[in-house]
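I opened a new page for this model today. I wanted the fold first, then a few residues and a pocket.

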Amino acid sequence: MSILELCTSRGNEVGIVGFVSWCKLGFYEGDFGWGKPIWIAKPENRVCGFHLVDSADGNGTEVWIGLKEENMKLLEKNEHFVSYVSLSQDV
């Protein structure tokens, strides 16, 4: 199943997908007096959206995905997708 298919609502021929990259913006370097953050997050309110963020250790990239619950379940069962990712955190 393609990204467009996952993001298109039933009966709606136009799928809107949001992609945002916060990589290399230095979010983990900010210190407001209580130390540097150990993890950053943003609440996802898009029906279909993707955010790329540097991992806390700087050695990888986190991808935050917002999909309808039934479409997320399909994606999590996709062997090709799962072979490339680590499903390590529910937010």
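My entries follow in the order I looked things up.

**Entry 1: the overall layout**

I noted at the start that this is a predicted model. I looked up the secondary structure and found three helices and three strands. Along the sequence I read the pattern α-β-β-β-α-α. The protein chain has 91 residues, and buried residues make up 19% of them.

**Entry 2: the strands**

How do the strands β2 and β3 run, parallel or antiparallel? I found them antiparallel, joined by six bridges. Strand β1, residues 18-21, pairs with β2 through four bridges, and these two run parallel. I then went to single partners. V20 stands opposite H51 in β2. F50 has I65 in β3 as its bridge partner. L52 is bridged to V63 in β3.

I also looked at the hairpin of β2 and β3. Six residues sit between the strands, and G58 takes a positive phi near 80° there.

Which residues of β3 lie on the covered face, and which on the uncovered one? I listed E62, W64 and G66 as covered. T61, V63 and I65 form the uncovered face.

**Entry 3: E62**

E62 belongs to strand β3, residues 61-66. Is E62 buried or exposed? I record E62 as buried, because its relative accessibility is 19% and the cut-off for buried is under 20%. I looked for a polar partner and found W39: the two side chains make a polar contact at 3.1 Å. Beyond four places in sequence, E62 touches Y28, W39, H51, L52, V53, S55 and A56. W39 is therefore on both lists, as polar partner and as contact.

**Entry 4: I65**

I65 is also placed in strand β3. I record I65 as partly exposed, because its relative accessibility is 23%. Leaving out neighbours within four places, I found I65 in contact with G49, F50, M72, L75 and F81. F50 is the bridge partner noted above. I took one distance as well: I65 and L52 are 13 residues apart in sequence and 9.0 Å apart from C-alpha to C-alpha.

**Entry 5: S55**

I moved on to the loop between β2 (49-54) and β3, where S55 is found. S55 is buried, with a relative accessible area of 12%. What lies 3.0 Å from a polar atom of the S55 side chain? I found the backbone nitrogen of G60 there. Not counting residues up to four places away, S55 touches Y28, G60, T61 and E62. Y28 is also on the contact list of E62.

**Entry 6: the second largest pocket**

I finished with the second largest pocket. I noted a volume of about 170 Å³. Of its 14 lining residues, G26, Y28, D54, S55 and G58 are the closest to the centre. By class, I logged six nonpolar, four polar and four charged residues in the lining. Two names here were already on my page.

Notes. Residues numbered from 1 in each chain as written. Predicted model: local features only at pLDDT ≥ 70, side-chain atom pairs only at ≥ 80, totals over all residues. Heavy atoms only, no water. 1 Å grid on protein atoms, 1.4 Å probe; cavity = no way out; pocket = protein on both sides within 12 Å on 5 of 7 lines; lining within 4 Å. Points joined across faces, edges and corners; volume = space filled by probe spheres on them. Nonpolar A, V, L, I, M, F, W, Y, C, P; charged D, E, K, R; others polar. Buried < 20%, exposed > 50% of the residue type's maximum accessible area, 1.4 Å probe, protein only. Polar contact = N/O pair within 3.5 Å; in protein donor to acceptor, adjacent residues only side chain to side chain. Contact = heavy atoms within 4.5 Å. Pairing = 2+ DSSP bridges.
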